[in-house]
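Below is a short briefing on one protein model, for reading beside its sequence and coordinates.

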Amino acid sequence: MRKEVILIMKALRILLRNIRDGFKSVGRNLSLSIASISCITITLLIVAIALVVSYNVENVTKLVKEDFTIVTFVDTSTTDEQLNTLKENIETLNNVESVDIETKDQVADEMKGTSDELSAIIDTWSDENNPLYDTLLVKVKNTERISNTADKISDMDLVTDVKYGQGMVEELMAVFDVVEKAMVVAMVALIFVTLFLISNTIKITIFSRKREIEIMRLVGASNFSIKQPFVIEGFCLGFIGSLIPIAVTLYGYSALYKHFNGQFFSPFIQLVKPEPFIYMVSLILLGLGVVVGMIGSYRAVRKYLKI
């Protein structure tokens, strides 16, 4: 038992020494460290911008999809009881999320608010000669099946017409799918480019210290003992390099959201709320910086210097 404790204490001592050496190496090789940190900072800033743009595009796409509505026009002779029955029948369809009744009187009131001239005309209508239709506003669960759902509703009794933006909805769906796939591909490509750039910058940093590594080998240091301080140094470089992108994300996005009042030029383009979004992006940037820094250092020592 005592022997195991001694081995654990020895391993802990070595780890603490390597951590100390890793931190010291950042300061000793300041110019090369600054180059690595600058590379990490710049690439992570680009990743942060791409994440913000990608997530907001996805959010706008989601909001637009949720706003797709099947407007169902009901026969003018329909009674209130029949209207409620029709509503219940539509609600039984698999793809229907919700159904709201909008009577012709409610439609008339909404139209009144659009202009004074139209309001004056509508005021001349009585309940009996109101030419508008009672309508049912149907929200669907899956917008890709909206056409099929609309066809089922149009076949029901008392339904005179169904509108959901035929043609335009399908085109928008196709555009959204392309945009989403393009953003995913761009993000994956950007992460790989980030890994490549940071790894190569760290390789140059470590190659300049080849003599230092050779001396460590000559005095009998194991490969693990040589690699560990460099991996810890990569951790430090990644951590420091991620601080500016995190700060820009935390304060920059919050300021942007506040400046545009939560929307981008139009009420239809709603920005994602800063919290918890900015914290999620910050964690991704921190994790990416640290992991890439450690992997870059490890690969440089293991492969590039043939240890």
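Predicted model: local features only at pLDDT ≥ 70, side-chain atom pairs only at ≥ 80, totals over all residues.

Residues are numbered from 1 along each chain as its sequence is written, and side-chain values use heavy atoms, with hydrogens and water left out.

**Whole chain**

- The protein chain has ten helices and six strands; these are DSSP runs (helices H or I, at least four residues; strands E, at least two), numbered from the N terminus.
- Of the 307 residues in the protein chain, 37% are buried (under 20% relative accessible area, 1.4 Å probe, protein chains only).
- The accessible surface (Shrake-Rupley method, 1.4 Å probe) is about 18,300 Å², and carbon and sulfur atoms account for 63% of that surface.
- Among contacts (heavy atoms within 4.5 Å) between residues at least 6 apart in sequence, 81% join residues at least 24 apart.

**The sheet**

- Four strands form an open sheet in the order E2-E3-E1-E4, with antiparallel pairing; two strands pair if DSSP finds at least two bridges between them.
- Strands E2 (96-102) and E4 (159-163) are at the edges with a single partner strand each, so one side of each has no neighbour in the sheet.
- Neighbouring strands of this sheet are turned by 20° against each other on average, direction ignored.
- E1 (residues 69-74) pairs with E4 in the antiparallel sense over four bridges, and Phe 73 stands opposite Asp 161 in E4.

**The packed helix**

- Helix H3 (residues 80-91) packs on the sheet and touches E1, E2, E3 (135-140) and E4.
- The direction of H3 makes about 165° with that of E2; axes are lines fitted to C-alpha atoms, for helices over the stretch in contact, and angles run from 0 to 180 degrees between N-to-C directions.

Note on methods. Buried < 20%, exposed > 50% of the residue type's maximum accessible area, 1.4 Å probe, protein only.
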